[in-house]
Amino acid sequence: MNDVSEKKGAFLRQAVIELGLSNATVHIGRVEDWRPAESFAVVISRGFASLVDFLAGCRHLAAPSGVLAAMKGAYPRAELAQVPADCDCRDVRRLRVPLLDAERHLVLCRIGS
């Protein structure tokens with residue numbers, strides 16, 4: 001693990017403590033290799049990867065009825081066209097961010113059984 005990742009992890013761990021977040025976990029390492037004890041209701045990505053890569057790398061983290069949520073800028077039409085058939089990513093919500101004059105979207109994906 002590199003020093004930059006360790007510093008980010010330390011910051012996040014401290015934020016969890018300071019904010020009293022009892023339901024938050026900080027993991028430093030490759031998400032593809034992480035096998036948490038429990039699956040998550042929601043897995044969120046911001047600036048992580050393409051939608052297809054996010055789904056491939058993180059789908060094992062979501063509970064059977066869970067959602068994978070990807071933050072995107074402009075409407076991700078091209079990325080949505082590449083989503084695997086067993087993923088339902090039709091729920092795309094435009095977000096309005098105060099004081100930001102740019103497009104933002106939230107893509108909510110559910111993995112089929």
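**Entry 1: the model**

I am working from a predicted model. I kept that in mind for each look-up.

**Entry 2: the largest pocket**

I began with the largest pocket. Its space comes to about 980 Å³. I then listed its lining and got 26 residues. Nearest the centre I found Leu-12, His-27, Gly-29, Ile-44 and Phe-48.

Which elements give two or more residues to this lining? I found helix 1 (3-19), strand 1 (40-46) and helix 2 (51-58). Strand 1 supplies the largest share, with 6 residues.

I also sorted the lining by class. I noted 16 nonpolar residues, 7 polar and 3 charged.

**Entry 3: helix 2**

I went on to helix 2, one of the elements in the pocket lining. Which of its residues are buried? I noted Leu-51, Phe-54, Leu-55, Gly-57 and Cys-58.

**Entry 4: Val-92**

I picked Val-92 in strand 3. Is Val-92 buried or exposed? Its relative accessibility is 19%, and the cut-off for buried is under 20%, so Val-92 counts as buried.

I looked up its contacts, leaving aside neighbours within four places in sequence. Val-92 touches Tyr-75, Leu-80, His-105, Leu-106 and Val-107.

I also took one distance, from Val-92 to Lys-8. The two residues are 84 apart along the chain. Their C-alpha atoms are separated by 29 Å.

**Entry 5: aromatic pairs**

How many aromatic pairs does the structure hold? I counted 2.

One is Trp-34 with Phe-40. The centres are 5.7 Å apart, with 35° between the planes, and the pair is tilted. Trp-34 counts as buried because its relative accessibility is 18%. Phe-40 has a relative accessible area of 27%, so Phe-40 is partly exposed.

The other is Phe-48 with Phe-54. Here the ring centres lie 6.3 Å apart. Why is this pair edge-to-face? Its planes stand at 80°, and planes over 60 degrees apart count as edge-to-face.

Phe-48 is partly exposed, at 43% relative accessibility. Phe-54 is buried, at 1%.

Both residues had come up earlier in my notes. Phe-48 is among the lining residues nearest the pocket centre, and Phe-54 is one of the buried residues of helix 2.

Note on methods. Residues are numbered from 1 along each chain as its sequence is written. This is a predicted model: local features need pLDDT of at least 70, side-chain atom pairs count only at pLDDT 80 or more; totals for chains, interfaces and linings use all residues. Side-chain values use heavy atoms; hydrogens and water are left out. On a 1 Å grid over the protein atoms alone, a cavity is a set of points where a 1.4 Å probe fits but cannot get out, and a pocket is an open set with protein on both sides within 12 Å along at least five of seven lines; lining residues have an atom within 4 Å of a point. Grid points are joined across faces, edges and corners, and a volume is the space filled by probe spheres set on the points. Helices (H or I, at least four residues) and strands (E, at least two) are DSSP runs, numbered from the N terminus. Ala, Val, Leu, Ile, Met, Phe, Trp, Tyr, Cys and Pro count as nonpolar, Asp, Glu, Lys and Arg as charged, and the others, Gly among them, as polar. Buried means under 20% relative accessible area, exposed over 50%, partly exposed in between (1.4 Å probe, protein chains only). Contact means heavy atoms within 4.5 Å. Rings of Phe, Tyr and Trp (its six-membered ring) pair if their centres lie within 6.5 Å; planes under 30 degrees apart count as stacked, over 60 as edge-to-face and the rest as tilted.
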